[in-house]
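Here are my notes on this structure, as numbered points. Please read them with the model open.

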Amino acid sequence: MAMEASRVSDQRTTGHNRQEATKPAMDYLFLSGVLALDFVNTEVVVRGKRYDLFATPEDVADWWQQALTHHPDEGKVEAETPAIVWSAQLLERIKWVRAAIRTLCTNLVERQLLDGEALTTLNTILAMGYPALAAASGQELVEVYRTRQDDQAAVLLPLALSALHVFTQAEKHRLHTCKNERCILFFYDTTKSATRQWCSLACMNRARSLQHYRHVKQERTSTQSP
């Protein structure tokens, strides 16, 4: 999987679901081309094990700052409250919204009925803000989004708006999960041919290496059989 290509160095121990779990320290990936999908891709599989890269509020804060550099236009929501407080409560809301977006992405990719609870969750976040007109320069008017009285909306609303755009304006046949069976990353295919199947070239190479290994092993087993 693409995450395995990142720098996996020391491991740190964190509490997750009241149990101790070992989480690899690594760089966040921004491979999908869409803020909402990069957000979902903070859950990864490394060496066959699933990890949540959001173990602490600080993890989310760090990811958010990196996300804004990759998606500068999508983080422009005007907040009516002070700076974001990266708290344990916000961490839980972040995971709640991420699970809803992942569920809806899965529904669309696998052509399932849309999950009503996930839709309700996303709509709850979208209700935290409202569209407004702002003067850009001279007589030019632009649409902006403003948050209501909730300091967490400054991060939650851009994520929900990105998901809204993907689900309603993007071409759904371009939304995919990586073809690598050991990868759970989503991406949006922007190629002209619309034939992209992998989240990254590194992930494709690993999947093909594994396929080759299985093929060779099967051939050896066949030749050794009486």
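1. A term to begin with. Rings of Phe, Tyr and Trp, the last taken by its six-membered ring, pair if their centres lie within 6.5 Å. Planes under 30 degrees apart count as stacked, those over 60 as edge-to-face, and the rest as tilted. Please bear in mind throughout that this is a predicted model.

2. Aromatic pairs. The search of the whole structure turns up 6 of them. One joins W63 and W64, with 6.3 Å from centre to centre and 40° between the planes. That pair is tilted. Ring pairs also gather residues into a cluster, made of Y28, F30, F39, F54, W63 and W64.

3. The cut-off for buried is under 20% relative accessible area. W63 has 1%, so W63 is buried. W64 has 4%, so W64 is buried too.

4. W86. This residue sits in the loop between strand 5 and helix 3. Is W86 buried or partly exposed? Its relative accessible area is 24%, so W86 counts as partly exposed. Leaving out residues up to four places away in sequence, W86 touches P57, V60, A61, W64 and V155. W64 also belongs to the ring cluster. The C-alpha atoms of W86 and Q152 are 8.4 Å apart, although 66 residues separate them along the chain.

5. The chain overall. There are 6 helices and 9 strands. The chain has 226 residues, and 42% of them count as buried. Take the contacts with a separation of 6 or more: 60% of these are between residues 24 or more positions apart.

6. Strand 6 (residues 129–137) and strand 7 (residues 140–147) run antiparallel and are joined by 8 bridges. G129 stands opposite T147 of strand 7. Strand 5 and strand 7 run parallel, with 2 bridges between them. Here E78 stands opposite R146 of strand 7.

7. The hairpin. Strand 6 and strand 7 form it, with 2 residues between them. Look at G138 in the turn: its phi is positive, at about 60°.

8. Helix 4 against helix 5. Two packed helices are described by the angle between their axes and the distance between the axes. Helix 4 (residues 116–126) and helix 5 (residues 153–168) pack at about 125°, with their axes 9 Å apart. Helix 4 is therefore oblique to helix 5. The crossing is left-handed. On the helix 4 side, L122, I125 and L126 make the contact. On the helix 5 side, the residues are L156, L157, A160, L161, A163, L164 and F167.

9. Helix 3 against helix 5. What angle do helix 3 and helix 5 make? The value is about 5°, and the axes are 11 Å apart. Helix 3 is therefore roughly parallel to helix 5. Helix 3 brings L90, R93, I94, V97, I101, L104, C105 and L108 to this contact. Helix 5 brings V155, L156, L159, A163 and F167. L156, A163 and F167 also take part in the contact with helix 4. V155 is also touched by W86.

10. L108. This residue is in helix 3. Its relative accessible area is 24%, so L108 is partly exposed. Beyond its neighbours within four places in sequence, L108 is in contact with L114, F167, K172 and L175. L175 is 67 residues away along the chain, yet its C-alpha atom is 8.0 Å from that of L108.

11. N107. This residue also lies in helix 3 (residues 88–109). N107 has 6% relative accessibility, so it counts as buried. With neighbours within four places left aside, N107 is in contact with Q112, L113, L114 and D115. L114 is in contact with L108 as well.

Methods
Residues are numbered from 1 along each chain as its sequence is written. This is a predicted model: local features need pLDDT of at least 70, side-chain atom pairs count only at pLDDT 80 or more; totals for chains, interfaces and linings use all residues. Side-chain values use heavy atoms; hydrogens and water are left out. Buried means under 20% relative accessible area, exposed over 50%, partly exposed in between (1.4 Å probe, protein chains only). Two strands pair if DSSP finds at least two bridges between them. Helices (H or I, at least four residues) and strands (E, at least two) are DSSP runs, numbered from the N terminus. Axes are lines fitted to C-alpha atoms, for helices over the stretch in contact, and angles run from 0 to 180 degrees between N-to-C directions. Angles under 35 degrees count as roughly parallel, over 145 as roughly antiparallel, 65 to 115 as roughly perpendicular and the rest as oblique. A crossing is left-handed if the near helix is turned anticlockwise from the far one by less than a right angle, and right-handed if clockwise. Contact means heavy atoms within 4.5 Å.
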